[in-house]
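Dear colleague,

I am handing over the structure below, together with an account of what was found in it. Please read the notes alongside the model.

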Amino acid sequence: MDFLCELVQGLAALAAAGLIVLLIVAHVTASMVDLTRHEKEKYFLTATGEKELFPSLHDPHSRELSVVVPAYNEELRMPVMMEEAMDYLENRQKQNSSFTYEVIVVDDGSKDKTTEVALQYTRKYGADKVRVLTLVKNRGKGGAVRMGTLSSRGKVILMADADGATKFADVEKVEAGLHHLDPKPENMAISCGSRAHLEQESVAERSFFRTFLMYGFHFLVWFFCVRGIADTQCGFKLFTREAALKTFSSLHVERWAFDVELLYIAQCFKIPIAEVAVNWTEIEGSKLVPVWSWLQMGRDLVFIRLRYITGAWKLESPRKTD
């Protein structure tokens, strides 16, 4: 019995020491995001090739809807999504002349012709409707979405993946989810597209190992960061302008786990969040490396919470970028 007690005490001490080490590592390795823009990132090109300055999220809105499309090496997949999105948006504007929109394609330091492909839509529809923000270096999906959002003019702001996995017309579903949220403190609210209703079907098609990783990721999200949202990772989220400014101003994670930190920040600020089922199809060419990316996201989830606990990261007040 004495041996068993000593063993339990030893394991408890070891676990406590491990937690302390993890807290120290999380705190020491925490880095602050540099929001300073390279000179080239401050401008977009018009249809005639002239440079104009991007606006700021701090400015009053001048469009009903902004669509932010993060794109990294998407010259092949993006045209399908852009054609679908532009057809929908143009038809909606024809049916309702008061509806105004913009699409901001954020080239996240691509090595292919993503910018050139996106600029074709600027030339076709004009820079008032389609703008291209080309980042000088790769920041990661979260960094690209943040930079596009900070440059947007919309009353509401939609982030939509360049692969077109979510049917674009489902923007109406997330809009409805946003409108049904009440009250909206300081007009802040978020509506998340969700694939949770497709989960059982996906489990049947996945290997046991990938299913284990998926459920493990869901558990870490629930345990460390976000509760009440079944699908944090769907790349189809709608923000009021006020909610976007509040959440993106505090965002630190710039890669795959950024959605989780965004929602964690939103819940800390008590911003209402709706979750709405959307149509989703898996598109070939994903940048996620199945096992490695899941492990990286798992590490990020643990560190997100620990860094806020230790004070390495703090919830920030909205501030303008240079």
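Helices here are DSSP runs of H or I with at least four residues, strands are DSSP runs of E with at least two, and both are numbered from the N terminus. Residues are numbered from 1 along each chain as its sequence is written, and side-chain values use heavy atoms, with hydrogens and water left out. Please keep in mind that this is a predicted model, in which local features need pLDDT of at least 70 and side-chain atom pairs count only at pLDDT 80 or more, while totals for chains, interfaces and linings use all residues.

Let me begin with Val-33, which is found in the loop between helix 1 (2–28) and strand 1 (43–45). Val-33 has a relative accessible area of 18% and is therefore buried, a word that stands for under 20% relative accessible area, with exposed meaning over 50% and partly exposed in between (1.4 Å probe, protein chains only). Although Val-33 and Gly-143 are 110 residues apart along the chain, their C-alpha atoms are separated by 9.0 Å.

Next come two helices. The axes of helix 2 (residues 78–95) and helix 3 (residues 114–125) come within 11 Å and cross at roughly 20°, which makes helix 2 roughly parallel to helix 3. The axes are lines fitted to C-alpha atoms, for helices over the stretch in contact, and the angles run from 0 to 180 degrees between N-to-C directions; those under 35 degrees count as roughly parallel, over 145 as roughly antiparallel, 65 to 115 as roughly perpendicular and the rest as oblique.

Side chains of opposite charge can pair when their charged atoms come close. With a salt bridge taken as a side-chain nitrogen of Lys or Arg within 4 Å of a carboxyl oxygen of Asp or Glu, the count comes to 15 salt bridges. One of them joins Arg-63 and Asp-128, whose closest N and O atoms are 2.7 Å apart. Because Arg-63 lies in strand 3 (residues 63–71) and Asp-128 in the loop between helix 3 and strand 5 (130–134), this pair ties together parts that are 65 residues apart in sequence. Arg-63 is buried, at a relative accessible area of 15%, whereas Asp-128 is partly exposed, at 41%.

Another salt bridge is formed by the side chains of Glu-102 and Arg-153, at 2.8 Å from N to O. Here Glu-102 belongs to strand 4 (residues 101–107) and Arg-153 to the loop between helix 4 (141–149) and strand 6 (154–160), so the pair ties together parts that are 51 residues apart in sequence. Both Glu-102 and Arg-153 are buried.

A further salt bridge is that of Arg-299 with Asp-300, at 3.1 Å from N to O. Arg-299 counts as partly exposed, with 45% relative accessibility, and Asp-300 counts as buried, with 16%. As for how the bridges connect, those that share partners join Arg-63, Glu-102, Asp-128 and Arg-153 into one network.

Some backbone details also deserve a look. Most residues other than glycine have a negative phi, and most peptide bonds are trans. The peptide bond from Asp-182 to Pro-183, however, is cis, with omega near 5°, and Pro-183 sits in the loop between helix 5 (171–180) and strand 7 (190–194). Asn-187 is found in the loop between helix 5 and strand 7 as well, and Asn-187 has a positive phi of about 60° although it is not a glycine. Lys-270, in the loop between helix 9 (258–268) and strand 9 (273–277), has a phi near 60°, again a positive value in a residue other than glycine. Asn-187 is partly exposed, with a relative accessible area of 35%, while Lys-270 is exposed, at 67%.

His-180, in helix 5, is exposed too, with a relative accessible area of 66%.

With kind regards
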